[in-house]
Amino acid sequence: MEQVPDPEIPIINLVELGVIRELNIVDNQLQIIITPTYTGCPAKQLFEDLIKEKLIEHNILNFTIESRIYPVWTTDWLSDETKAKLLKDGISPPTLGDKDIICPHCKSLDTKMISQFGSTPCQSLYSCNSCKEPFNYFKCL
Amino acid sequence: MSITIKNELAQFLIRLADSEIILGQRLAEMCSKGPFLEEDIALSNLALDLFGRGEELLKIIADLEDNAYTPDDYTFRRNEREYFSYKIVEQPNNDFAWVIARQYFHDVYVREIFRQLLNHSDQQIAGLSEKVLKEIDYSYLHARDWMVRLGIGTEESNSRLQKAVDSLWKYSEELFAFDQIDTNVLDDSDQIKTVWDNEIDQVFSEANLEKPEEFKRHILDFRQGFHSEYLGMILADMQYLPRAYPDAQW
């Protein structure tokens with residue numbers, strides 16, 4: 001499952017994103033439990049398709065995928081390592097209460113929000129007051 | 001085909017689901033027509049949220065109805081009188097101020113409804129509500145921010161927002177005419193009106209808006225499937241493809 005990248009942010013995979021919750025073997029069948037990031041995320045269906053594709057590639061054909069809303073997906077499920085990967089890829093990682101948002105280019109904390117809504121439902125648009133570069137911020141949820 | 005919903009909880013949920021989908025459709029109409037790029041993206045993002053929320057609600061409804069129909073059936077194969085969205089969300093994108101006022105009224109109203117559903121005994125409903133409340137905060141803050149910015153912006157922006165508020169206000173009364181189906185599910189339906197009143201008073205005063213007079217409704221209730229003239233046109237647009245090509249696949 002770690003080989004399935006997030007379709008929007010391919011630098012992290014679906015396990016790191018916290019979308020893959022459980023892998024169980026039930027009656028000799030692989031059961032995969034996933035939790036979508038946002039209810040309206042257009043990648044929701046794509047998650048399942050990518051997982052299917054990867055399993056079939058590995059010749060695993062006997063499986064079910066179940067989407068579960070509860071427990072609710074949260075950015076708390078992103079590890080520090082994952083957050084560091086996001087920052088390296090130019091996406092400012094989620095911070096508690098959306099405070100102290102770091103510029104992924106010059107690492108300044110002197111940044112301002114341009115729009116709460118960015119290129120994907122999980123991101124906002126920010127710009128840096130120090131280096132003047134715009135960047136995406138992964139919203140805290 | 002006529003689709004009826006038998007389960008009482010499903011009858012309650014479809015009111016929420018339909019309103020989210022119809023508002024999503026209205027916002028989707030704004031895609032590429034926003035006043036500037038960031039706002040265009042914001043409105044399209046909000047439309048996605050609303051469609052996602054509607055779909056999750058319809059999945060629960062489908063379960064409650066023993067999967068007689070799919071979420072797509074409910075969305076694309078019901079006519080006006082089988083839809084239970086409230087009238088505010090059907091109102092057109094006459095002006096950016098309309099888009100904002102409509103969104104703001106919707107957000108204030110459904111936020112309190114989902115708060116009360118947090119304690120629901122059905123774990124799917126309680127879980128979805130927790131999810132929705134996290135997402136809706138972004139939408140609410142966006143709408144509230146614009147209400148104040150337009151309200152205290154210029155004479156022009158204030159008068160256009162006031163006009164939008166005055167026009168939409170007459171559809172607000174039905175929101176609180178709760179029936180048995182609502183009160184059976186909600187913890188405290190009176191609280192929804194109290195929260196609404198406090199919130200509206202606060203924001204209208206910040207935004208220099210005048211609260212319109214209470215309006216005596218002369219249109220029948222959305223809970224019985226009665227709508228303003230716009231819903232038919234929205235459905236005609238939204239359902240055109242599945243109606244012309246039933247069961248078409250991508």
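This is a predicted model: local features need pLDDT of at least 70, side-chain atom pairs count only at pLDDT 80 or more; totals for chains, interfaces and linings use all residues.
Of the 141 residues in chain A, 50% are buried. Among the chain A contacts with a separation of 6 or more, 49% come from residues 24 or more positions apart.

In soluble globular proteins, nonpolar side chains tend to be buried together. Here the largest nonpolar core has 106 residues, and the ones with the most contacts inside it are B:Phe105, B:Tyr109 and B:Met147. Helix α4 of chain B, residues 96-117, gives this core its largest share, with 14 residues. Leaving aside residues up to four places away in sequence, B:Phe105 touches B:Ile88, B:Val165, B:Leu168, B:Trp169, B:Trp196, B:Ile200 and B:Phe204. There is also a second, separate core of seven residues, with A:Ile101, A:Cys128, A:Tyr137 and A:Cys140 among them.

How do the two chains meet? The contact draws on 22 residues from chain B and 24 residues from chain A. About 2000 Å² is buried between the two chains, and carbon and sulfur atoms give 63% of it. On the chain B side, B:Lys131, B:Lys134 and B:Tyr138 supply 34% of the area that this chain buries against chain A, which is more than any other three residues do. Two salt bridges cross the interface. In a salt bridge between the chains, the side chain of B:Glu56 meets that of A:Lys44, at 2.9 Å from N to O.

B:Glu56 has a partner in its own chain as well. A salt bridge joins B:Glu56 to B:Lys59, with the closest N and O atoms 3.3 Å apart. Both residues lie in helix α2 of chain B (residues 37-64), three residues apart, or about one turn of the helix. B:Glu56 counts as buried because its relative accessibility is 8%, under the 20% limit. B:Lys59, at 32%, counts as partly exposed.

Over all chains, the structure holds 24 salt bridges. In chain A, A:Arg68 pairs with A:Glu22, and their closest N and O atoms are 3.4 Å apart. This pair links distant parts of the chain: A:Glu22 is in strand β1 (residues 20-26), A:Arg68 is in the loop between β3 (63-67) and α2 (80-88), and 46 residues separate them. Both ends are partly exposed, with relative accessible areas of 29% for A:Arg68 and 33% for A:Glu22. In chain B, the side chains of B:Asp247 and B:Arg77 meet in a salt bridge at 2.9 Å, N to O. B:Asp247 lies in the segment after α9 and B:Arg77 in the loop between α3 (71-76) and α4, so the pair ties together parts that are 170 residues apart in sequence. Here B:Asp247 is exposed, at 58% relative accessible area, while B:Arg77 is partly exposed, at 24%. Elsewhere, salt bridges with shared partners join B:Arg15, B:Asp179, B:Asp182, B:Asp221 and B:Arg223 into one network.

The peptide bond between A:Tyr70 and A:Pro71 is cis, with omega at about -5 degrees, and A:Pro71 lies in the loop between β3 and α2 of chain A. A:Asn28 is not a glycine, yet it has a positive phi of about 65 degrees. That residue lies in the loop between β1 and β2 (29-34) of chain A and is exposed, at 70% relative accessible area. B:Ser32, also not a glycine, has a positive phi of about 75 degrees. It lies in the loop between α1 (8-28) and α2 of chain B, and with a relative accessible area of 63% it is exposed.

How values were computed: Residues are numbered from 1 along each chain as its sequence is written. Chains are lettered from A and ligands numbered from 1 in the order in which they are written. Side-chain values use heavy atoms; hydrogens and water are left out. A nonpolar core is a set of buried Ala, Val, Leu, Ile, Met, Phe, Trp, Tyr and Cys residues joined through side-chain atoms within 4.5 Å. Buried means under 20% relative accessible area, exposed over 50%, partly exposed in between (1.4 Å probe, protein chains only). Helices (H or I, at least four residues) and strands (E, at least two) are DSSP runs, numbered from the N terminus. Contact means heavy atoms within 4.5 Å. Buried area is the accessible area (1.4 Å probe) that two parts lose on being put together, summed over both. A salt bridge is a side-chain nitrogen of Lys or Arg within 4 Å of a carboxyl oxygen of Asp or Glu.
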